[in-house]
Structure formats: C-alpha cells, structure tokens
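Here are a few notes on the aromatic rings. Please keep the structure open while you read.

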Amino acid sequence: MEQLLMSPAGTSEIIVAKVIPLFVLLFLTSIMMVAVMKFAFGVPFHGKLPLVLFGAALCILSGISIGTVNSTFAKSAAQAQLMTFFINPPLNATSGVLGPVEAMPKWLQAFTVVNPIHHFAVIARASMLKGSGFADLWPNFLGLLAITLVLGSVSVWRFRKQLS
C-alpha cells in the first residue's frame, strides 16, 4: 500500500485499479455460471441475458463496495476478514435466496431493502424463469445502483480520510 501511495496515482485511481480485476474475474464467473445453469443443468431461460448480466454486474460492484468499506474500517487484512463474518451471514440469511422473505419476521424483512443479494435474486428469478423485463424489475436495479453508489462513495471518502 505504501508503494501505491508513493505513486502519482490519485486515491480514486488506486481504488479503481484494485476493483477492476476483481470485478472482471467475478463477472466472468457469473457468465460461466449462467452457461452451466443453462447447458449443463437445462434450467429454462425465458428472459434476456443482458438484463441478468447487468443485474449481476451491479450486484458484484455492490459486493465489492461492501468489502472496500469494510477494509477502510479495519486496521489489518486479518481484521477485515474477520469483520466479514459479521456481514456475509446476515446478508445471505436476509436475501430470500434460501427461504422466502415473507417467512421472515416483519422487522427482519425491512433489511432486504439494503441487501444487494436480495435484489439480484429477484432480478435473476424474474428474468430467467418468468421472462420479466426491465419495466418490472427497475426497482431492484435502482436499489442495486443506490447501494453501489452509496457504498462506493463512502469507501472513496473513507480511503481519502485515512490518507490525510
């Protein structure tokens, strides 16, 4: 990190350089998983592939943003990794992927609004299985975009604050 800070790159450029390789890797994995789902397991795909991939891209970016915000609060890589144990299980539990959101207690259902996994699960199910379009799914895309922009901005702000 010290070598990066000594370079002429700005803080935003450093963050983008750290995010892009991870995004590309995860996005390629998403494409591969859709292909495996379709061709190896024969899951019907009634929607539009670009819509699902756009949702996947936003979900990946929001997940990376969660990680970058987390790392700005941690004092070491080990601490950041330990902090994810308190972030990832609640996100998975409240996503509605393993069980319906309606089966959760009412107070817990409110957390799905800020859960990127929930938004992507709705997009993926509705688009792939039902053939829903953007007109039906725009609230979930908006939610993913808002989560990504807010957390991305917070991570840049916190990173700049740490450098000062």
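1. Is Phe-111 buried, partly exposed or exposed? The model is a predicted one. In it, Phe-111 has 45% relative accessibility. Exposed would need over 50% and buried under 20%, so Phe-111 counts as partly exposed.

2. Now the ring pairs. A pair of aromatic rings is described by the distance of the centres and the angle of the planes. There are four aromatic pairs in the count. One of them joins Phe-54 and Phe-141. Their ring centres are 5.3 Å apart, and their planes meet at 20°. Stacked means planes under 30 degrees apart, so this pair is stacked.

3. Phe-54 belongs to helix H3, residues 49–73. Phe-141 belongs to helix H8, residues 134–163. The pair therefore ties together parts that are 87 residues apart in sequence.

4. Check the accessibility of both partners. Phe-141 has a relative accessible area of 3%, so Phe-141 is buried. Phe-54 comes to 45% relative accessibility and counts as partly exposed.

5. Turn to Trp-107, which pairs with Phe-111. The centres are 6.5 Å apart, with 90° between the planes. That makes the pair edge-to-face. Trp-107 has 60% relative accessibility, so Trp-107 counts as exposed.

6. Finally, find a charge over a ring. Which residue lies over the face of Phe-73? Arg-158 does, at 3.9 Å from the ring centre.

How values were computed. Residues are numbered from 1 along each chain as its sequence is written. This is a predicted model: local features need pLDDT of at least 70, side-chain atom pairs count only at pLDDT 80 or more; totals for chains, interfaces and linings use all residues. Side-chain values use heavy atoms; hydrogens and water are left out. Rings of Phe, Tyr and Trp (its six-membered ring) pair if their centres lie within 6.5 Å; planes under 30 degrees apart count as stacked, over 60 as edge-to-face and the rest as tilted. Helices (H or I, at least four residues) and strands (E, at least two) are DSSP runs, numbered from the N terminus. Buried means under 20% relative accessible area, exposed over 50%, partly exposed in between (1.4 Å probe, protein chains only). A charge sits over a ring if NZ of Lys or CZ of Arg is within 6 Å of the ring centre and within 35 degrees of the ring normal.
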